[in-house]
Amino acid sequence: MNFVYPNILYFLFLLIIPIIIHLFNFRRYKKLYFSSLQFIKKVEKETNATKNLRHYIILACRMLAFTALIFAFAQPYIPTSEQSKSYESIIPIYLDNSFSMSAKGSNGDLLNQAKTTVQQIADAYPKGQRFILVTNALDGTEHRIITRTELEEKIENINLSPISRAVTNPLESIKEYLNSIAYEGNLHYYVLSDFQKNNLKETKVAIDTSSNYTFLQFTPQINRNLYIDSIWFEQAFQRVNNNNTLNVRVQNTGKEKLTNVELNLSVAGTKRQTLTDLEADNATVVTMNYTDKSTGIKEGLVEIIDENLYFDNRFYFTYKVEESVQILVLNDENSTLYPGLVYATDNFYSVKETAVGQLKSNELNEADLIVLNGLKTISSGIQSQLKQLVENGVHILIIPSADFESQSYNNLLSSFQLPLYRNVTQQEIRIGKIASELDFFTGMFDGNVDNIRMPPLKRYISSTTYTNANYNSLIQYENGMPLLVEHAKVKNVFAFYSPIDPNFNNLGKSALFSSVLLRIGEKSQGQLPLSLTIGSSDEYRIRSSGTNESALILKQKEYEFIPEMSRNTGSSSISVRNASDNQSILDGIYTIQTEGKTLGKLALNYNRFESDMQYVSENEITSYFNSLNVRKLNTEGISTMSDIQQLTLKNPNEFWRILLILALAFLLLEMLIIIFWKV
């Protein structure tokens with residue numbers, strides 16, 4: 001026989017109190033005066049015997065009543081065959097400590113409620129019970145069998161973590177560990193989580209399907225969250241004294257529209273505040289305007305005021321305001337002056353023109369934009385350098401000559417997966433379509449440009465594509481062939497399919513040509529991401545000179561770590577795709593360093609994976625794990641969380657009700673004896 005609350009049995013020591021009372025009561029005597037001593041002795045003997053018997057029966061009734069009452073509160077039960085082996089079994093517990101568990105529940109935040117429940121589960125088992133407690137960290141220290149004392153110490157040190165996992169991942173991890181130690185005993189898994197829908201989607205898992213499972217769901221009181229989903233600039237680039245329009249997408253997951261929600265912006269000492277209305281269960285884009293007064297790296301923070309979840313209220317970002325853009329124009333003997341003249345109209349561009357035959361390799365490495373201006377042929381050496389520079393983020397604009405050598409050009413175009421030059425077509429043709437919906441043209445036109453009319457071009461270069469084409473057609477001829485294309489992925493390679501030679505056509509003199517060249521110049525600043533999401537596959541590229549092989553370090557105050565990194569000649573790429581498993585990495589602005597030298601700034605933000613507060617129901621949990629062939633599962637108490645101790649008892653033979661009836665029966669018997677048995 002076992003007890004749910006064995007500590008209550010200590011109250012049995014209190015039974016000595018009625019014994020002491022009765023003993024003192026036995027020592028009390030009364031004097032009786034009779035004339036015959038023989039009669040006195042007879043009466044005294046009979047009376048004492050009767051009194052003693054009555055006292056002992058009353059004492060026994062009281063003792064039995066209090067004993068039955070104490071045993072009833074201790075809740076004795078005869079365990080099932082499985083429970084009788086509790087000392088031989090292990091209790092694996094998975095406690096979800098992801099950011100979504102910071103939501104407010106009925107008794108504080110959900111994580112603290114779950115930690116209290118883990119303690120209650122441990123208390124419901126015998127003292128010698130062994131446990132495994134894992135969280136979303138799943139590090140090496142969690143994969144071990146621990147005692148109740150170690151479990152209690154571990155519970156105290158569990159905090160919120162940015163790591164989010166599918167519910168089945170920790171269960172798979174526990175199974176792998178138990179297999180590694182060849183454990184063959186009984187198991188009863190406990191899973192404590194808020195059970196978000198996003199975390200119950202995996203279908204190919206390897207969990208233990210033969211053991212018992214108990215699922216405990218913790219539900220927040222307020223099923224609503226406000227969070228900043230993403231930000232972006234309206235402008236393609238940032239310059240000193242130019243207005244910046246920052247777009248902030250805010251998500252409201254609640255079912256009610258909210259008004260006058262506070263949104264704050266802080267950038268390099270500039271602060272802005274706005275109040276906005278957020279539609280129910282929808283995203284709202286809020287625009288905030290400010291102006292940069294100086295060049296250099298800018299650190300920014302957008303924050304929304306929300307009192308439910310906090311981890312997704314902040315969004316950090318960084319960007320660089322350049323002093324100038326370095327443009328290198330490579331000319332041939334028959335090249336025109338148009339590209340250089342266009343860029344010379346804005347002193348933001350630092351233009352250097354050089355003949356291709358006098359080119360120095362360091363000039364290519366120093367440029368942000370390289371314009372191949374009417375070259376007759378492109379040497380293999382320049383082609384290989386251009387391919388490497390494109391990988392490092394340098395922009396390239398290809399403008400063919402009227403007498404271009406097709407093989408060299410097509411070798412370069414095919415390496416970028418752009419349409420190939422075919423031949424010069426002697427036919428007048430008009431511009432048919434400008435893809436103004438693409439981000440290349442954002443803010444470039446005031447109105448509709450679908451019906452733009454320009455003088456026809458006298459001749460053009462026809463083109464051909466191939467199966468691996470990877471481009472966006474920015475401007476098309478009326479026959480559908482491209483006039484200007486950009487690389488679809490990296491978007492730093494542009495190619496015209498017409499020379500700008502006056503003897504060929506008048507394209508170079510048009511306002512469209514000048515506008516396109518200036519926009520390419522703006523794009524060549526290198527639009528690095530404003531931030532990286534911890535765990536995403538996005539990369540942040542840094543241009544560097546020399547062959548420094550030292551590791552890059554991301555540092556925030558006293559904390560630093562080495563990110564995943566890949567190197568190319570002249571650049572390095574940083575990724576934090578694997579940082580999602582490191583709960584020490586916080587969101588914020590990090591300094592990029594190598595050998596004590598600062599190379600730049602990088603903003604890291606938490607993944608918004610758990611920001612959408614959608615939870616599964618009890619039936620959905622049951623159906624999901626049934627689909628994984630888990631049959632021995634229990635969701636009792638998933639809503640109310642009442643009487644947690646009973647979770648460890650599976651249909652035992654309980655006796656507390658019988659004991660309560662016996663206690664009442666003994667008390668009633670004592671009262672009857674006192675009332676009707678008079679001495």
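Which residues do ring pairs link into a cluster? Tyr189, Phe195, Tyr213, Phe215, Tyr624 and Phe625 are linked in this way.

## Basis of the model

This is a predicted model, in which local features need pLDDT of at least 70 and side-chain atom pairs count only at pLDDT 80 or more, while totals for chains, interfaces and linings use all residues. Residues are numbered from 1 along each chain as its sequence is written, and side-chain values use heavy atoms, with hydrogens and water left out.

## Overall make-up

The protein has twelve helices and 35 strands; these are DSSP runs numbered from the N terminus, helices being H or I with at least four residues and strands E with at least two. Of the 679 residues, 47% are buried (under 20% relative accessible area, with exposed over 50% and partly exposed in between; 1.4 Å probe, protein chains only). Among contacts (heavy atoms within 4.5 Å) with a separation of 6 or more, 74% are between residues 24 or more positions apart.

## Aromatic rings

The whole structure contains 26 aromatic pairs. Rings of Phe, Tyr and Trp (its six-membered ring) pair if their centres lie within 6.5 Å; planes under 30 degrees apart count as stacked, over 60 as edge-to-face and the rest as tilted. One of the pairs is Phe561 with Tyr590, which is edge-to-face, at 5.8 Å centre to centre and 85 degrees between the planes. This pair links distant parts of the chain, 29 residues apart: Phe561 is in strand E29 (residues 559-561) and Tyr590 in strand E32 (residues 588-594). Both Phe561 and Tyr590 are buried.

A charge also meets a ring: the charged end of Arg239 sits over Phe348, 4.1 Å from the ring centre. The criterion is NZ of Lys or CZ of Arg within 6 Å of the ring centre and within 35 degrees of the ring normal.

## Helices H8 and H9

Helix H8 (residues 380-391) packs against helix H9 (residues 406-415) at an angle of about 20 degrees, with the axes 11 Å apart. H8 is therefore roughly parallel to H9 (angles under 35 degrees; over 145 is roughly antiparallel, 65 to 115 roughly perpendicular and the rest oblique). Axes are lines fitted to C-alpha atoms, for helices over the stretch in contact, and angles run from 0 to 180 degrees between N-to-C directions.

On the H8 side, Gln383, Leu386 and Lys387 meet Ser408, Asn411, Leu412 and Ser415 of H9.

## Gly521

Gly521 belongs to helix H10 (residues 511-523) and is buried, with a relative accessible area of 0%. Leaving aside residues up to four places away in sequence, Gly521 touches Val325, Tyr343, Tyr349 and Leu369. The C-alpha atoms of Gly521 and Ile370 are 9.8 Å apart, although 151 residues separate the two along the chain.
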